[in-house]
Each structure stands twice: as structure tokens, then as C-alpha cells.
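Hi,

Here is the structure I promised to pass on.

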Amino acid sequence: IRGRVSEGVVAVGTPDNLIKLLETYRRIGVDQMLMGVQFGGLERGRITRSMELIDKYVIPEPKLQQVE
């Protein structure tokens with residue numbers, strides 16, 4: 001897992017960590033991402049909390065919005 005995190009393939013951490021990673025992809029032209037939050041043996045409460053944090057902080061981040 002650590003190798004995949006350092007490669008930018010897997011994101012682990014705070015909403016700010018995820019925003020920084022997604023900004024990197026955005027700068028190189030990626031405009032769509034597939035995200036999964038159910039990983040390994042995570043319990044349901046942690047999965048739900050991750051989804052809530054992504055909804056509250058990551059999705060509305062202006063830096064990630066598509067500019068036409």
C-alpha cells in the first residue's frame with residue numbers, strides 16, 4: 001500500500017491530502033476520477049465517515065472544479 005500511496009495511485013489521509021493529489025491530476029489534464037472508499041477490512045462507520053468528508057470538503061473544492 002505504501003508504494004501505491006507514494007506513486008499517487010492510492011490516497012490515504014485528510015481531505016487536504018486528497019485535494020492536493022487531485023490537484024496534481026487536474027494540472028496534467030485528468031478531468032474524471034473513480035474513487036473507492038471501501039478498502040480492506042474497514043468498518044462501515046469509517047467508510048461512511050470518509051464519504052461524508054469527501055462530500056463536505058473535497059467535492060466542493062473550487063480548485064478541483066472544471067474550467068471551460
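The chain has three helices and zero strands, where helices (H or I, at least four residues) and strands (E, at least two) are DSSP runs, numbered from the N terminus. Along the sequence that reads as α-α-α. The C-alpha trace spans about 40 × 30 × 20 Å along its principal axes.

Before you go further: this is a predicted model, so local features need pLDDT of at least 70 and side-chain atom pairs count only at pLDDT 80 or more, while totals for chains, interfaces and linings use all residues. Residues are numbered from 1 along each chain as its sequence is written, and side-chain values use heavy atoms, with hydrogens and water left out.

Now the helix packing. H2 (residues 15-27) and H3 (residues 44-58) pack at an angle of about 60 degrees, their axes 10 Å apart. Axes here are lines fitted to C-alpha atoms, for helices over the stretch in contact, and angles run from 0 to 180 degrees between N-to-C directions. H2 and H3 are therefore oblique to each other (under 35 degrees is roughly parallel, over 145 roughly antiparallel, 65 to 115 roughly perpendicular, and the rest oblique). Their crossing is right-handed, meaning that the near helix is turned clockwise from the far one by less than a right angle.

Which residues make the contact? From H2 they are Pro15, Leu18, Ile19 and Leu22, and from H3 Leu53, Ile54, Tyr57 and Val58 (contact means heavy atoms within 4.5 Å). By class that is eight nonpolar, no polar and no charged (Ala, Val, Leu, Ile, Met, Phe, Trp, Tyr, Cys and Pro count as nonpolar, Asp, Glu, Lys and Arg as charged, and the others, Gly among them, as polar).

On to the pockets. A pocket is an open set of points on a 1 Å grid over the protein atoms alone, where a 1.4 Å probe fits, with protein on both sides within 12 Å along at least five of seven lines; lining residues have an atom within 4 Å of a point. Grid points are joined across faces, edges and corners, and a volume is the space filled by probe spheres set on the points.

- The largest pocket holds about 800 Å³ of space. Its lining has 26 residues, with Ala11, Val12, Gly13, Gly36 and Val37 nearest the centre; 18 are nonpolar, six polar and two charged.
- The second largest pocket holds about 400 Å³. Of its 17 lining residues, Leu22, Asp31, Met33, Met35 and Leu64 are the closest to its centre.

Cheers
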